[in-house]
Amino acid sequence: MSIWKLVEYFFLPELRRYGKFTHIKEQDFILPETKEIGLYLHIPFCRSLCPYCPYDRILLENTLSEHYTNAVIKEIELIKNKVGKVEITSFYIGGGTPTTIGKNLEKIVTKIKDEFLLKENTIFIETNPNDITEEKMAMLKDLGTGMVSIGVQSFQNKFLRAIGRNYDAQTAMNAIEIVKKYINNINIDLMFVLPEQSEKDFEYDLKKAIEAEAQQVTGYPLFTFPYSQVGKFLKINSVKLPSFNSRKRMFYLMYDVLTENEFVPASVWGFKKPDGAEFSSVSRMYYIGLGASAATKVPGKFYMNTFSIPHYIERINSGECAEVVKMDYTKRMDDYYWLYWKIYETRFQKSEFKKRLHSDKKARLLIKILEAGNFIKIKGTHYILTRKGMFYVHLLQNQVALNHIGKAWGKMMQDPEPHEIHL
Ligand code: SF4
């Protein structure tokens, strides 16, 4: 049985039966009581637009970014009125390139601190080499940022050019040094399966990231992104992607180089130093998304904010929530959602699995198959993904992103308030 057949058998029937987003009104946006939440903030501005990028982002415009900041501040108040002054255990700021809005970021984080109980060192922020300055990093340090993630992608000019990044390798190295002067806890994002990239090329990039003293390294294959966009991009530039086998070898190379250098898996894409904190938004069971295109997952529900930036601002200014569609989750879907993201994080407790899914025959069978196929193994109190398991789950994550998340995102990009989206 191929891995895709397994996925179809275990995960898709439920998703096909219930996997539908429907349009909601303000009164349908309900947040259950909780003591703590994870928070995701989307800042959609970038200094230049990469041709393969599927995210909800636009070129930085100062007036629009002011309006956007004011809307986010109002959205924070709206959320606070619904959940109260709860504790924030993880605050992930993504985009776009969040640091492009400069001082406005300070206003937003200050507002979060006023309205919620933000635990120390829980801010994780994404940025790009072309947006890093001493002033911005000093500000992030003062705000109590726990980790800065730098989208380097490659330390070689030919690959940066090939994927349309508008900085060179030296700028990336200088940017890393600036960040480290203020926040000595960095993630470096690298891309592999780039046009004409060899394993040696990728190994060079991995070693550069280690030399730069990254606490975390995350490696994404280029075709994590929707095929159509990547396809169009390759056609325009008339280049070829490395083969599937080469992708597999590159993934194993990343695993081997990083684990030999004292990194441990943190997700199917990421490796961290053993004592490094876990920063993630999507794998939390209760997280709230702020900003255009952000998502919110709470028990029994999954909501998505409008993707249109002007519409987001308009809705918030008229006192409405930004959430425009929701999907209802059965208890079983919630438990499978938990399992899916725990597998993505490469480990989960046996006792938690037992509590949630032991009475579910299909889930028990899934674990048996994963064990028999050497995709997972038991280590003490946990199930742990093996090296082989990580490769196949990263492919699976790719497939889910392209076929399901990509489908919903595609609709949301076209329509600010879709009536219905079927997965
Ligand atoms: S910098 Fe990041 S978010 Fe912005 S266009 Fe490039 S890949 Fe997309």
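**Note on cores and helices in a predicted model**

1. Leu194 sits in the loop that joins strand 9 (186-192) to helix 8 (199-211); helices (H or I, at least four residues) and strands (E, at least two) are DSSP runs, numbered from the N terminus. This is a predicted model, in which local features need pLDDT of at least 70 and side-chain atom pairs count only at pLDDT 80 or more, while totals for chains, interfaces and linings use all residues. Residues are numbered from 1 along each chain as its sequence is written, and side-chain values use heavy atoms, with hydrogens and water left out.

2. Leu194 counts as buried because its relative accessibility is 0%; buried means under 20% relative accessible area, exposed over 50%, and partly exposed in between (1.4 Å probe, protein chains only). The C-alpha atoms of Leu194 and Leu222 are separated by 5.9 Å, although these residues are 28 residues apart along the chain.

3. The largest nonpolar core has 124 residues, and Phe91 and Ile188 have the most contacts inside it. Such a core is a set of buried Ala, Val, Leu, Ile, Met, Phe, Trp, Tyr and Cys residues joined through side-chain atoms within 4.5 Å. This core draws at least three residues from each of domain 1 (1-19 + 331-414) and domain 2 (20-272); the domain bounds come from an automatic or database domain assignment. A second, separate core of eight residues includes Leu194, along with Tyr52, Cys53 and Phe159.

4. Beyond its neighbours within four places in sequence, Phe91 is in contact with residues including Leu39, Leu41, Val109 and Ile112 (contact means heavy atoms within 4.5 Å).

5. Helix 4 (residues 103-115) has 13 residues, which at 1.5 Å a residue should span 18 Å; its end C-alpha atoms are 19 Å apart, which agrees. The expected span is 1.5 Å times one less than the number of residues. Buried residues of helix 4 include Leu105, Ile108, Val109 and Ile112. Seen down the axis of helix 4, its buried residues fall within an arc of 155°, so they line one face; the arc is that of the directions from the helix axis to the C-beta atoms. Among the elements they pack against are helix 3 (62-83) and strand 5 (87-95).

6. Helix 7 (residues 169-182) should span 20 Å with its 14 residues, and its end C-alpha atoms are 21 Å apart, which agrees. Its buried residues pack against helix 5, strand 8 (145-153), helix 6 (157-162) and strand 9.

7. The structure holds zero disulfides (pairs of cysteine sulfur atoms within 2.5 Å). Cys46 counts as buried at 10% relative accessibility, and Cys321 is buried with a relative accessible area of 1%.
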